[in-house]
Amino acid sequence: MLVVRKTVQMAVRKHLSRSFSASRTHLQERKGLVLGVFEKEAEEGGLHLTEAAARFDQSLSGKLSDLLKIAAPVLKKGKSRIFYGIHQDFPCVAVVGLGKGNEGVCGAENWDTKKENIRHAVSVGCKILQELEVNHVEVDDCGDAKSAAEGAVLGLFCYDQLKSKKKTRVTTQLHGSADVDDWKKGVVYAEGQNLARFLMEAPANHITPTAFANTIEEKVAPYADRVTVNKRPKAWIEEQQMGAFLSVTRGSEEPPVFLELYYNGCPDKKQLPLMLVGKGITFDSGGISLKPSQSMDAMRADMGGAATVCASIVTAAALKLPVNIIGLAPLCENMPSGKATKPGDVVTAKNGKTVQVDNTDAEGRLVLADALCYGHTFNPRAIVNVATLTGAMDVALGSAATGVFTNSDWLWEQLHKASVVTGDRVWRMPLFQHYSKQVTDCQLADLNNVGKYSRSGGACTAAAFLKEFVTAPHWAHLDIAGVMSNKDEVPYLRKGMSGRPTRTLVEFAAGLAHSG
Ligand code: BES
Ligand code: ZN
Ligand code: ZN
């Protein structure tokens, strides 16, 4: 009797320990799979599965397509269905709608619809699986492994560092495809944009100018053989006679930093560099021309230009792009105080031009003016500056596209071509003399930091102001104020700061590398 009881006890214990370890494994690794399906029927009138989905279906003797027909005769673009327990390796399988499948570059939309549909669908599948606490997702390439990777990595990003309750951390992997190189490229592009999102979303008391510079320094550390960092302090900025930049930082207790990144990726050491300049206002209160308090918190992302520029250089280094790039980021806060610049003050920029600061909230153009003057000293092949410069840009285009003001048709072509591939679009804006007249007609100085007719054409007068500090034949100013944040417009980005247009900058640099 005693022996029997002991045997039963042992069996129970064994069973308990087995189920305990099973549930632990279960917690540690929950695998999911994302597969694509097109909206259009296949030739034979059945479902039109992607190659990977069709193979998966075959391995289950058609069970997936049977279930799909029951669950969703037509799966619309960006919609999904989840199947549980149909495959022993994947407890959760998300099938996502890719649209018609015969799309490509669309002239009217200025993007590649097929790539956008893949980014969208894959992001939807990954996010659903994340909600189900799946922590490893394999992803169908859906016909374009790079776009699939971008959809996965961009879709899963969420800034929850400062919350106690965090979303499930999900690792991703390509499923059933040989296009591993393209997949990896997509992951690097998306991680670049996620770095910019992280910097932009982070609160201004965490990402101060110093913290921004240190973070970038850490991010480029693995590429120390090809990237050099200079964190220039206030004394250096003074030596450089950057009076316009200094006038913005005056009101703040936080020290400014002028960040320089040198990426040497070109074997030909003499190749002229591409110059990227990013507005780095880590918080824009407006200064004495104080902004209304509503939505002022969003001005923690007023360093979006610096964030996207630095993130794209980190990405170029990770990709080992054969091109030389210099990144400049004037970093400071714009704050009111007894020391702050006052409306009507006149300051002198690095090139000797005087500026009447009639509105201290138009500070971006001041920090960029000095950075642009300094940028010219490197004799770059092209200068591209990126800035959350004007609310007027948001009024003009909203979040559809970055506004590009450029003196160079060649540069416009390069940027436009890159943006069609990435889906992070650009739209050309004017640099007419009409606008220049409105900033040069100034009572006390050479230039006024706001246009004569204040709000009219605000994005264009800001660009015209910058043009006064440019002599280079290939210069573009990208106003990213409209694309700074995402509500739900870009379906593969969650709500929050967007990190746009990092991938377009990387693709543009890759294009230059390609053309030599
Ligand atoms: N950082 C703002 C522009 C901005 C607004 C970016 C909304 C993103 C979202 C910039 O410094 C600014 O305040 N510009 C003023 C210029 C005006 C005073 C001429 C603006 O747009 O109102
Ligand atoms: Zn401002
Ligand atoms: Zn600003």
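Predicted model: local features only at pLDDT ≥ 70, side-chain atom pairs only at ≥ 80, totals over all residues.
Residues are numbered from 1 along each chain as its sequence is written, chains are lettered from A and ligands numbered from 1 in the order in which they are written, and side-chain values use heavy atoms, with hydrogens and water left out.

**Zinc ions**

- Lys 279 (NZ), Asp 284 (OD), Asp 302 (OD) and Glu 363 (OE) coordinate the zinc ion (ligand 3) at 2.0 to 2.4 Å.
- The zinc ion (ligand 2) is held by Asp 284 (OD), Asp 361 (O), Asp 361 (OD) and Glu 363 (OE), at 2.0 to 2.2 Å.
- The donor residues of the zinc ion (ligand 2) have the sequence spacing D-x76-D-x1-E.
- Asp 284 bridges the two ions, ligand 2 and ligand 3, which lie 3.2 Å apart.

**Ligand 1**

- Around ligand 1 there are 16 residues, of which Lys 291, Asp 302, Asp 361, Glu 363 and Gly 391 come nearest; a residue is near if one of its heavy atoms lies within 4 Å.
- By class, this shell has five nonpolar, four polar and seven charged residues, where Ala, Val, Leu, Ile, Met, Phe, Trp, Tyr, Cys and Pro count as nonpolar, Asp, Glu, Lys and Arg as charged, and the others, Gly among them, as polar.
- A polar side-chain atom of Asp 302 lies 2.9 Å from a nitrogen atom of ligand 1, and one of Asp 361 lies 2.8 Å from an oxygen atom of ligand 1; a polar contact is a pair of N or O atoms within 3.5 Å.
- A backbone N or O atom of Leu 389 lies 3.5 Å from a nitrogen atom of ligand 1.

Technical notes
Polar contact = N/O pair within 3.5 Å; in protein donor to acceptor, adjacent residues only side chain to side chain. Donors = N, O, S within 2.8 Å, 3.2 Å for Na, K, Ca; no water.
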